[in-house]
Amino acid sequence: METGGIDVYKAIKSDALIVINAQEAYLQGGRFSPDIMLRTVHKSIISGKMAGFKGLRGTAEMTWFLGCDTDIELLIEYEARINHLLEKNDSVALCQYNIGKFSKRLLVDILHTHPMVIYDDVAIKNFYYIPPDEYLKHNRYSADLDRMLLNLTSVENALSEYKDEIIEFIVDELRDRLQRVDYMSVINEKLMMKPNSGNIKTLTKREIEILKMLSKGLTTSKIAGIFNITPKTVNVHKANIMKKLSLHTTVDLVLFGMNNLLP
């Protein structure tokens, strides 16, 4: 802490910093009790605010658990329940677990009970976190499964939306650049090719409509919504259009539509 620029002596003297060992905190009376520990933390919060401090920040090195005869379930219960206490009292705590010393089973449970995780010096919002009211139910594993499946769906939807946003951005950027320059002299002949009668005649009415929309910058999901079809179906149409027009990339496709179908 001193290396980080903190005047440790001054902090301890003013009670801004209090350092205690495991026996004084977790193992009062020689054993670990979630209720006793939660009361201890709550008293520290109250005494700190009465002394004029805005809140409590705490950190705990957890290897004390390895040297005592404490049920894992009691520790997990405490780790889950303390979240409510901290949230309601302007407080934050950092629990330090050594991955090389604790069992994988315990560490998985620890992940489930912490809304934020610091790993490799990076603070990460933990989407494996399960709120205490859910996690402490008797059917924990059912809640765990539901939460994991929900997270998988959420991540997949987020990635899909992000992909569409990136494509839309690329199309918009491309259109803006083409409008600012005389691209007739810088785009190669392949990208600027005019449709011959054979190519146009092979496109269906729906394919032409989709090509126009792609050229206007509409995303796959938006086009799917307009025609009440799935994005996968739009991509199938897109692949068929590219095959019929002998195009190889989305950029080729968009440029073709912009130069041959849009006014």
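The following legends describe close-up views of a predicted model.

Local features are reported only where pLDDT is at least 70, and side-chain atom pairs count only at pLDDT 80 or more, whereas totals for chains, interfaces and linings use all residues. Residues are numbered from 1 along each chain as its sequence is written, and side-chain values use heavy atoms, with hydrogens and water left out.

View 1. Helix α11 spans residues 231-244; helices (H or I, at least four residues) and strands (E, at least two) are DSSP runs, numbered from the N terminus. Its 14 residues reach 20 Å from the first C-alpha to the last, close to the 20 Å expected at 1.5 Å a residue, where the expected span is 1.5 Å times one less than the number of residues. Val 234, His 237, Lys 238, Ile 241 and Met 242 of α11 are buried. These residues lie on the same side of α11 because they cover an arc of only 135° around the axis, the arc being that of the directions from the helix axis to the C-beta atoms. An α-helix has 3.6 residues a turn, so residues three or four places apart point the same way. Lys 232 and Lys 243 are exposed on the other side of α11. Here, buried means under 20% relative accessible area, exposed over 50%, and partly exposed in between (1.4 Å probe, protein chains only).

**View 2. Surroundings of helix α11.** The cover over the buried residues of α11 includes α9 (205-215), α10 (220-227) and α12 (250-260), contact meaning heavy atoms within 4.5 Å. Ser 246 follows α11 and has a positive phi, near 60°.

View 3. Glu 207 forms a salt bridge with Lys 244, with the closest N and O atoms 2.9 Å apart; a salt bridge is a side-chain nitrogen of Lys or Arg within 4 Å of a carboxyl oxygen of Asp or Glu. The pair links distant parts of the chain, with Glu 207 in helix α9 and Lys 244 in helix α11, 37 residues apart. Glu 207 is buried, with a relative accessible area of 4%, whereas Lys 244 is partly exposed at 29%.

**View 4. Salt bridges of helix α3.** A search of the whole structure finds six salt bridges. In one of them, the side chains of Arg 81 and Asp 35 meet at 2.9 Å, N to O. This pair connects distant parts of the chain: Arg 81 belongs to helix α4 (residues 72-87) and Asp 35 to helix α3, 46 residues apart. Arg 81 is partly exposed because its relative accessibility is 27%, and Asp 35 is also partly exposed, at 39%. Lys 49 forms a salt bridge with Asp 90, the closest N and O atoms being 3.4 Å apart. Lys 49 lies in helix α3 and Asp 90 in the loop between α4 and β2 (91-96), 41 residues apart. Lys 49 is partly exposed at 34% relative accessibility, whereas Asp 90 is exposed at 56%.

**View 5. Gly 30 and the cysteines.** Gly 30 is found in the loop between α2 (22-25) and α3 (34-50) and counts as exposed because its relative accessibility is 68%. Gly 30 and Cys 68 are 38 residues apart in sequence and 9.2 Å apart in space, C-alpha to C-alpha. Cys 68 is partly exposed at 22% relative accessibility, and Cys 95 is partly exposed at 22%. With a disulfide defined as a pair of cysteine sulfur atoms within 2.5 Å, the count comes to zero.
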